[in-house]
Amino acid sequence: MSTFVNYLNLEPWRFILSFGAVIFLVLNLAAVLTMAERKTAGYIQLRFGPNRVGPRGVLQPMADVFKLFTKENVSPNRADMWIFLAAPIAMFIPAALVWMVIPFAPNAVVTDLNIGLLFFVSITSIGALGVIMAGYGSRSSFSLLGALRGAGQMISYEVPLILSLLGVIMLTGSLSLMDVVKSQSGGFWHWYFLPQFPMFIVFYIASIAEVKRVPFDLPEGESEIVGGFMIEYSGMTWALIQASEFASMGLMSALTTTLFLGGWQPPLPFLDLGNFDWIWFGLKTALIMFTFQWIRWSVPRLRMDQLMDFGWKILVPVTLIWLFVTAGAILVF
Amino acid sequence: MAVTFPQGDLTTRLERYLESFQSQHGIEETEIEGNVLRVVVEPGSVPSVLATAREHLGILHLSFITVVDWIGSFEITYELLDLRGGVVRVKATVEGDEPVIGTVTHVYPTANWHEREAYDMFGVAFAGHPDLRRLYMWQDHFDHHPLLKSFEITTRRTFEGLR
Amino acid sequence: MIGEERRTDNVSLAGRESGRLAAPDIRDEFGLETLDMNMGPQHPAMHGLLRLILELDGETVVRCDPVMGYLHRCQEKIAENRMYPAVIPLTDRLDYFANMHNEHGYCLAVEDLLDVEIPPRAEYIRVLMCELMRLASHIPSIGFLLLELGAFTPILYGFRERERIQSIFEAVTGARMMFHYIRIGGVKADLPEDIPEKIWEYIAGLEERFQSDFVDLIEGNEIFVSRTRGIGKMTGEKALEMGLTGPPLRCTGVDFDIRRDYPYSVYPELDFDVITDDAGDVEAAYRVRIKECLQSIRLIKQTLEKMPEGEVMADMGRRLRPPEGEGFGRVESPRGEFSVHVVSDGSDTPYRVHYRDPSFANMQLLQEVIPGHYLPDIMPIMGLIDPVSGGWDK
């Protein structure tokens, strides 16, 4: 038995198995997050949320998925079919791929790339491509507006997002996410959210913008452009877009946890659970996800010009200033 | 704010309105009843009467325009409010089956849609209106004006050509 | 539907041909073209069935042409073929978010024709119902404004309040939405015995919740302020030119309220303030609505305190045959001035009924104010007017 397990620990079986596990996790994450989102919304809005399918409505995601699978996939008559159908895939794959470099526990990571952060930055940039493909392919003026907004927003907010990573990279001296987590060991006062607090806030805000959620959900803009780039999608293509949004939301929470909240490191040293440290990782990620949802149901949406102003005139200068502060501090101490 | 409201006692104010209407226009019939000054004028002088009301008397609000189809003639009512209790009701009667009357959109811009509605429902043409399209009904293949008394409510004839 | 396809093409063509609505030609400068966009009628933020033909330069609107008629039922024609009392349930379908005011306006017009004395208790009940209706319309409309800005939660808080008021209406009138309660000559039935107590209880609860749920939650929100301040800005003169009434007019600083300036029913005996605000933008309209809710609460308390005993219906006879002539009714509905003009030829059906609905008149603001704003600003401007589809389409 143990030889079999050891055999599985060899490449390429280890990679295949763990990658399969991560994809399974991502797909299920979307379902769980839909449910969580609706329950959170329900309790914020003084109602129950879904409570009919299964005990307390926990089987609702299954019913949703079943409905979406059986639904006809309607596409506009004049749509550019290849681009239209490829867009959800182009959105989902980058969101799922970055999970490869996220360390879940001391030994649980698909591949510990030594350029993990660079990998993350380059792969998430591809996400904007899917949005443009969806908007262009569906040949609708609402979609086009949504896609243009989405492209502008995602590219602009990538700048503060990347800049806010630099402080962590400077402190760690490595691009590997494993090294980032390891250098935060020894209690929560060693986590990077304290020395890098402005960067933490900027990263958090920019990641909300990156996953296109309220108050930065302009590409969707439910009340003005009725869904934006995804207006013409239905059935499973729509479900795939939703899944990719939730996957990237989970991804951003996981990255925030990894970079600033110590990843799988326990908050106090004596709480170390050994191989079960992924529990800490899960708890912290869930907390960040919950704050995303909390914000979503509490505030209105910004306008495009205000969004751009906020990104370029506030977030970018803050990160630049704190970058210099960090560099100075490293030089001095 | 540049908006000035009329001052003073209601009855003296209505009498002042009446005097200045009478001095400047040919008025067919007038009557003060309660807070309402009813003025019946020639259809041709409606725009100038309303211009007097707005520019000289400072009656700022045109409430609505009603058209009544008295078979053979159309009675058009302009309801003006001076915002402080006084009502000026200008009435004009247009004869004929294809009535034409001057627009008041240059005096009261809000008359725009009220006149479009009247045109849509009665076929009253407002000469000089900047944008006299149908407001509610189909733009073409529908030659009826539904509120005319000659228009019967029968589905078949109404929607002929639209199917 | 019938004629839909033809309509699509012809409206936009007609819009372009007429000189006034033509867009400024910006194509020469950079060789760019504007984008034509068709917003509505199936659009979540269009308050029912409104279609806006927009011409966009980037995200800036250069031309806005409202097209309506998707809910037109020709109520005025139907009313001509019905007896006087049978028109009241039709008026419920006009502004279906504030039906009591429609009924009240129509009944005032017919009573003006008939010259009938209304029992004082009926007048008080009417005012009580109208003010409850104003609350039930203003509070969700604040939620609508926030919904259009992208915040989903306040609308549900608003509908919670409307729901409770509707329960009161249900107990009084037997219906939740289409009441048919105010009748010519009075009201349908006296209040049930426990209703005043229920209203007191509800008002006390509302006063507790109002500040936290609708003022503190919204007013100071940075994003709300940046989305609404200075949007849809207009002066009082401009607002009067466009024929605005109600909160959209009062938010520009024009002090005009039918309840005070053209008093009807028992409003002269009651004590209330007319709320105005100087800013004339969406935020000001929101503030005006908030303060008007408080005034409505004040009025409801006064009507409950002063409510006299007695009959609730005047003796109207079996069949109404008003004398020849015309009657006018004018009420302050939550959206502005609701007027009814009834012409009688002496028979038992009205010869002509004309409704002046505030949504209809206020909507003229769209084509004047929207050009120059960004596309997302259309939604708060719609929230400023807060039109109702049944109102503008009659």
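Q: What percentage of the 163 residues in chain B do buried residues make up?
A: Buried residues account for 37% of them, where buried means that 20 or more other C-beta atoms, placed from the backbone, lie within 10 Å of a residue's own. This is a predicted model, in which local features need pLDDT of at least 70, side-chain atom pairs count only at pLDDT 80 or more, and totals for chains, interfaces and linings use all residues. Residues are numbered from 1 along each chain as its sequence is written, while chains are lettered from A and ligands numbered from 1 in the order in which they are written.

Q: And how many helices and strands does chain B have?
A: Chain B has four helices and seven strands, taken as DSSP runs numbered from the N terminus (helices are H or I, at least four residues; strands are E, at least two). Along the sequence they follow the pattern α-β-β-α-β-β-β-β-α-β-α.

Q: Which residues have the most contacts inside the largest nonpolar core?
A: They are Leu50(B), Val88(B), Val90(B) and Val110(C), in a core of 147 residues; such a core is a set of buried Ala, Val, Leu, Ile, Met, Phe, Trp, Tyr and Cys residues joined through C-beta atoms within 7 Å.

Q: Changing topic, how many residues of chain C are in contact with chain A?
A: On the chain C side there are 25, in contact with 22 residues of chain A, counting two residues as in contact if their C-beta atoms, placed from the backbone, lie within 7 Å.

How values were computed
A residue is buried if 20 or more other C-beta atoms lie within 10 Å of its own, exposed if 12 or fewer, and partly exposed in between; C-beta atoms are placed from the backbone.
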